[in-house]
Amino acid sequence: DWAGLVVIPLLEDALTPLCAPSVKARIQNPLGASSLNEVPLIISERAPIGWTEWFRAKNLEISPQRGLRFDRGYLALQAAALGLGVALESTVFAEPYLRSGRLVRVYPAAFGDMVISAHTLVYPPLYEGVQKITLFRQWIVSEAETYTRSMSKFPAQVDP
């Protein structure tokens with residue numbers, strides 16, 4: 001709730017289960033309710049949405065209390081890329097891993113993604129006319145648009 005502030009949405013993001021291709025190959029039925037019981041879960045303790053919320057939203061009955069725990073998302077991504085389990089992470093944050101093929105989605109985006117508006121520029125209206133704020137706003141909005149356009153050209157490589 002950012003009442004009284006200037007709010008500019010930059011990027012939509014999605015949290016989705018990600019793993020190394022070798023881990024995905026071990027999952028017998030990727031769309032089955034018990035598919036994630038077959039592999040260790042990687043828990044990112046600072047993620048905006050955790051495994052419990054993701055399982056609840058997907059109507060899956062799986063215990064998220066097992067697996068590796070990290071307090072930083074980049075460590076969860078690295079562990080997943082090393083084949084140590086499945087991480088629930090941001091597709092924006094994981095984009096270099098997805099592009100290189102070191103990580104893949106466990107589920108198609110239509111099922112696995114939980115879309116969030118996590119990337120937003122917020123500032124007090126008092127700063128609206130300040131030149132450095134205006135320049136930063138123009139730059140960050142342009143970067144977000146460029147990123148969004150570049151991602152629209154590559155979803156086939158990201159989805160299973």
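**Close-up views of a predicted model**

View 1. L77 is buried (under 20% relative accessible area, with a 1.4 Å probe and protein chains only), at a relative accessible area of 1%. This is a predicted model: local features need pLDDT of at least 70, side-chain atom pairs count only at pLDDT 80 or more, and totals for chains, interfaces and linings use all residues. Residues are numbered from 1 along each chain as its sequence is written, and side-chain values use heavy atoms, leaving out hydrogens and water. L77 sits in helix 3 (residues 73-81); helices are DSSP runs of H or I with at least four residues, strands are E runs of at least two, and both are numbered from the N terminus. Beyond residues up to four places away in sequence, L77 touches L18, E89, F93, A94, Y97 and L103. Contact means heavy atoms within 4.5 Å.

**View 2. The largest nonpolar core.** A nonpolar core is a set of buried Ala, Val, Leu, Ile, Met, Phe, Trp, Tyr and Cys residues joined through side-chain atoms within 4.5 Å. The largest has 21 residues. L36, W51, W54, F55, V86 and V106 have the most contacts inside it. Strand 1 (6-19), strand 2 (41-44), helix 2 (51-57), strand 4 (86-90) and strand 6 (114-123) each supply at least two of its residues. Helix 2 gives the most, with three.

**View 3. A second core.** This separate core has eleven residues. Among them are L18, A87, Y97 and L98.

Terms used:
Buried < 20%, exposed > 50% of the residue type's maximum accessible area, 1.4 Å probe, protein only.
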